[in-house]
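The exercises below concern the fold of one protein chain.

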Amino acid sequence: MPVDYHLHTFRCGHARGRMADYVRAARKRGLREIGFADHVPLYFCPPERRPSGLAMTESELPQYVDDVLALRAANPDLPVRLGIEADFVPGREAELAALLSGYPFDYVLGSVHYIDGWGFDQTELLDGYRNWDPDALYRRYFLLVQEAARSGLFDVLAHPDLLKKFGCRPGGDLTALYRETASVIAGSGIGVEVNTAGLRAPVAEIYPHPAFLAACRELNIPVTLGSDAHRPEEVGFGYHAAVALLRRAGYDRLAVFQERRRRLVPL
Ligand SMILES: [Zn+2]
Ligand SMILES: [Zn+2]
C-alpha cells in the first residue's frame with residue numbers, strides 16, 4: 001500500500017503549491033494514504049531571531065492544522081493524516097513537547113537538522129563541514145539521532161542518515177555505528193523513515209543507507225515511507241526505488257499512524 005508520510009506546504013517558506021494539489025498528485029500516483037509533515041516552527045530560536053524561509057511561524061501553526069483537517073474532511077476515501085516534522089534540539093525537549101501538545105497530530109517525525117546550532121543540511125552552510133573530521137562528525141550526528149530516539153517525543157525518525165546529503169563520508173566502515181543506533185531506536189520503540197529526498201540531493205541516494213536499513217530490519221524496527229515533497233510534482237517521488245530498497249532489506253509492511261497509534265499495512 002503506497003503511502004507518502006512526508007509532505008511539506010507553502011507555509012515553510014521553501015515549498016510551493018496548494019495543499020489540495022499535493023492531494024491531487026497523490027491520487028494521480030495511486031497513493032492510498034498520505035500525511036502532511038511540514039516543518040515545526042523554529043521553537044529553539046528566540047522569536048526575533050528566527051530566519052524566514054525555513055519553517056512556518058508559531059502563529060501559522062493552528063491554520064496549518066486546520067487546513068490538513070479540512071483536506072481530510074474533503075477526501076473521505078483517501079486518509080489524510082496530520083503530521084509534523086519536528087527538529088530535535090537537545091535541551092529543548094520540554095519546549096517542543098509543549099508546542100506539540102495542543103494539536104491532534106497523528107504522528108510526529110523527529111529530525112536532526114542541526115549539530116550544535118549548525119544547519120548541516122543547508123546549502124548556504126556547507127562551509128561548516130570544513131570544521132569537522134568526517135568520522136567525528138558521523139559519530140556526533142548518530143549520537144544525536146540516538147538521543148532523539150530516546151527523547152520520547154517522536155513516532156518516527158525522518159531521513160535518519162541525512163548527514164550524507166552533500167556527500168560527506170567518513171573513512172571507516174559505518175556498520176558498527178548503524179547497529180548501535182538501530183539498537184537504541186529499537187529500544188525506544190519508534191520507527192524510521194525511508195525518505196526519497198536523498199535521490200534529489202547531491203548524494204543521489206535514498207535515506208537511510210541499505211546497511212542502516214538492514215540493521216533496522218534485523219531488530220524489527222517499523223518503517224514509514226516519505227518523499228519529503230516540497231512541491232506537488234514531488235509527491236510519491238522515487239517510489240519504485242524506495243519499495244525495491246525496502247524489499248531487498250526484507251520489509252513487507254509499512255507503518256501508518258492515527259492519533260499517534262501505529263498500525264502495520266502491507267507494503
Ligand atoms: Zn523543507
Ligand atoms: Zn527534514
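**Exercise 1. The surroundings of Leu109**

Leaving aside its neighbours within four places in sequence, with which residues is Leu109 in contact?

Solution. The model is a predicted one.

Step 1. Leu109 lies in strand E4.

Step 2. Count the neighbours. A residue is buried if 20 or more other C-beta atoms lie within 10 Å of its own. Leu109 has 27 other C-beta atoms within 10 Å, so this residue is buried.

Step 3. List the contacts beyond four places in sequence: His6, Ala37, Gly83, Glu85, Ala86, Phe154, Val156, Ala158 and Glu193.

Step 4. Consider one of these contacts in detail. Ala37 and Leu109 are separated by 72 residues in sequence, yet their C-alpha atoms are 7.3 Å apart in space.

**Exercise 2. Strand E8 and its two partners**

Describe how strand E8 is covered, paired and connected.

Solution. 

Step 1. Strand E8 (residues 191–195) has five of its five residues buried.

Step 2. Assign the directions. Gly191, Glu193 and Asn195 point one way from E8, while Val192 and Val194 point the other way. In a regular strand the side chains alternate between the two faces of the sheet.

Step 3. Identify the partners. Strand E7 (residues 156–157) is joined to E8 by two bridges and runs parallel to it; here Leu157 stands opposite Val192. Strand E9 (residues 223–226) pairs with E8 over four bridges, also in the parallel sense, and Val194 stands opposite Leu225.

Step 4. Follow the chain. From E8 the path passes through helix H6 (residues 210–218) to E9, a right-handed β-α-β crossover. E7, helix H5 (residues 175–188) and E8 also make a right-handed β-α-β unit.

**Exercise 3. The buried sides of H4 and H5**

For helices H4 and H5, find which residues are buried and what they pack against.

Solution. 

Step 1. Helix H4 (residues 134–150) has 17 residues and reaches 24 Å between its first and last C-alpha, close to the 24 Å expected at 1.5 Å a residue.

Step 2. The buried residues of H4 are Tyr138, Tyr141, Phe142, Val145, Gln146, Ala148 and Ala149. Because they cover an arc of only 160 degrees around the axis, they are on the same side of H4.

Step 3. The packing partners of these H4 residues are strand E4 (107–111), strand E5 (114–115), E7 and H5.

Step 4. For H5, 14 residues should span 20 Å at 1.5 Å a residue, and the end C-alpha atoms are 20 Å apart, which agrees.

Step 5. Leu177, Tyr178, Thr181, Ala182 and Ile185 are the buried residues of H5. Their arc of only 130 degrees around the axis puts them on the same side of H5, whereas Ala176 and Gly187 are exposed on the other side.

Step 6. The buried residues of H5 pack against H4, E7, E8 and H6.

**Exercise 4. The nonpolar core**

Which residues have the most contacts inside the largest nonpolar core?

Solution. 

Step 1. The core has 72 residues, and Leu157, Cys216 and Val223 have the most contacts inside it. H4 supplies the largest share, six residues.

Step 2. Inspect Leu157. Beyond four places in sequence, its contacts include Val145, Ala148 and Ala149, together with Ile185 and Val192.

Note on methods
Residues numbered from 1 in each chain as written. Chains lettered and ligands numbered in written order. Predicted model: local features only at pLDDT ≥ 70, side-chain atom pairs only at ≥ 80, totals over all residues. Buried ≥ 20, exposed ≤ 12 C-beta atoms within 10 Å, placed from the backbone. Pairing = 2+ DSSP bridges. Right-handed = clockwise from strand over helix to strand, strands pointing away. Expected span 1.5 Å × (residues − 1). Arc of directions from axis to C-beta. Contact = placed C-beta atoms within 7 Å. Core = buried A, V, L, I, M, F, W, Y, C linked by C-beta atoms within 7 Å.
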